[in-house]
Amino acid sequence: MGPLAATAIGATSASAITGLDLAVLLLLLHVWGFVVGVDVYNDDAASGLDWATRRIHVGTRPYAVLMLVATVIVWLPFAVGSYPFLGNAPIGRSRGVVVPVAVGGLLVGSGFYFLGGLLTTLRSYATLRRATSTAPGAADHGLVAVSGRVVPLREPLVAPLTGRDAVWYRLTATTTSSKDAKKPGGGADDSLFRSVLTYSTDPARVIADQRTSFALEADTGRVVVDPTDAACRLERPVSKRVAADESLPEPLATRLWESADLETSDRDRRYRESVLEVGETATVLGIAESEGGGTSIVATDDSIADFVVAPGGERQVARALRETIAGCVFATVVLTGGGFALLWWLAGHGLP
C-alpha cells in the first residue's frame with residue numbers, strides 16, 4: 001500500500017495545477033505587466049508611499065520583482081484550491097465576490113511594496129552605521145556622515161507652496177475627485193474598479209525636483225555637497241488641496257507657469273511639497289573627497305552605499321530610519337498576512 005499511496009499522492013500533486021490555473025496565472029501576469037508598465041511609463045510619478053511624514057522609495061526593477069512575487073502569491077491559494085465563482089464559495093457565487101478578491105490582492109501587493117521600502121530603508125540604515133561620523137571641517141575621505149547647518153552656495157531656490165528659501169524642494173501633484181462630484185452608480189464592483197484604475201493610471205506626479213549645491217557649516221568648518229544624485233528619503237511635506245474652481249496661490253502659480261504644468265481640470269488637485277530649507281540642520285551620507293584645498297561629498301557607487309541627504313541631525317536621522325523600518329515591518333506583516341488569509345479563505349481552504 002505504501003508505493004500505491006505515494007503514487008496516488010504524486011498524481012494528485014501533478015494534477016493540482018490545471019489548464020484553468022495556468023490561464024488565470026497568465027491573466028494575472030498581464031495585470032502585473034500593465035501595472036509595472038504604467039510605473040515605467042510614468043517616469044515623472046512620485047516614487048514611494050507616505051508612511052507618517054516620511055517617504056519610502058522602491059526602484060522600478062525591485063518594484064517589478066516584488067509585484068511578480070505578489071502576483072504568484074495571490075494566484076497560489078486558488079491554484080491549490082477552488083475559484084469562488086466556480087466552487088463552493090464561502091460568500092456564495094455572485095459578481096460581488098470580485099470585490100473581496102480584489103481587496104485581498106491589493107493588500108498583498110501593498111504588503112510587498114512595504115517590503116521593498118523595508119529593504120531600501122535597511123540599506124540606508126546599514127550605510128549610516130558603517131559611515132564615519134565627522135564634523136563638516138574634519139571630513140577627509142571615505143564613507144562619512146556629516147551634520148551641519150545648510151548654507152547655499154548660490155542664489156537659493158524658492159519653495160512653491162511655502163515661499164521659503166531652500167536648496168532642495170520637490171513638488172508633486174495628485175488629481176483627486178471633487179467633494180461635490182456626482183458619480184453615476186455602478187455598484188460596488190464598478191466603484192472598486194474605478195478606484196484601482198485611478199490609482200494605477202494617475203499616481204502622484206513629480207512636477208518639480210529642484211536642487212542646488214550647498215554647504216554644511218559648523219564651528220569646525222564646512223563641507224560642500226552636490227545633491228544631484230542624492231536620495232532625500234526622509235521628508236517633512238507640506239500639502240495643499242486646490243479645488244478645480246479655485247485660484248492657485250503664489251508662488252505655486254508662477255512655478256507651474258514656468259514648468260508648463262498649469263492645466264485646467266474639472267477635478268481637484270492636491271499639491272505636496274518637501275523642502276530642505278536654508279539654515280536648518282541636515283545630515284549628508286556619502287563619500288568625502290578632498291580636492292583643491294576643499295572637501296566635498298559626492299555620489300557613491302550603488303553597489304557600495306547610498307548617497308542620502310536628510311533634514312535633522314545624525315541621531316534624528318538614525319531614529320527616523322528605525323521608525324520607518326519598524327513601520328514597514330508592521331505594514332508588511334499585517335497587509336500581506338491579512339490579504340493572503342482573505343484569499344486563502346475565499347479559495348475554500350478555511351481560515352489559516
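**Close-up views of strand E4 and its pairing partners**

**View 1. Ser133 and Ala145 mark the pairing of E3 with E4.** In this predicted model, Ser133 has Ala145 of E4 as its bridge partner. The strands concerned are E3, covering residues 132-134, and E4, covering residues 142-152, and they pair in the parallel sense over three bridges.

**View 2. E4 pairs with E12 in the antiparallel sense.** Strand E12 spans residues 281-291, and eight bridges join E4 to this strand. One of the residue pairs that can be picked out in this view is Arg149 with its bridge partner in E12, Thr281.

**View 3. E4 pairs with E8, again antiparallel.** Strand E8, made up of residues 214-218, is joined to E4 by four bridges.

**View 4. The whole chain as the setting for the close-ups.** The chain, with 352 residues, of which 40% are buried, has a secondary structure of seven helices and 14 strands. When contacts between residues at least 6 apart in sequence are considered, 78% of them join residues at least 24 apart. The accessible surface of the chain amounts to about 18,400 Å², and carbon and sulfur atoms account for 59% of that surface.

Note on methods. Residues are numbered from 1 along each chain as its sequence is written. This is a predicted model: local features need pLDDT of at least 70, side-chain atom pairs count only at pLDDT 80 or more; totals for chains, interfaces and linings use all residues. Side-chain values use heavy atoms; hydrogens and water are left out. Helices (H or I, at least four residues) and strands (E, at least two) are DSSP runs, numbered from the N terminus. Buried means under 20% relative accessible area, exposed over 50%, partly exposed in between (1.4 Å probe, protein chains only). Contact means heavy atoms within 4.5 Å. Accessible areas come from the Shrake-Rupley method with a 1.4 Å probe; for residues, only the protein chains shown count as cover. Two strands pair if DSSP finds at least two bridges between them.
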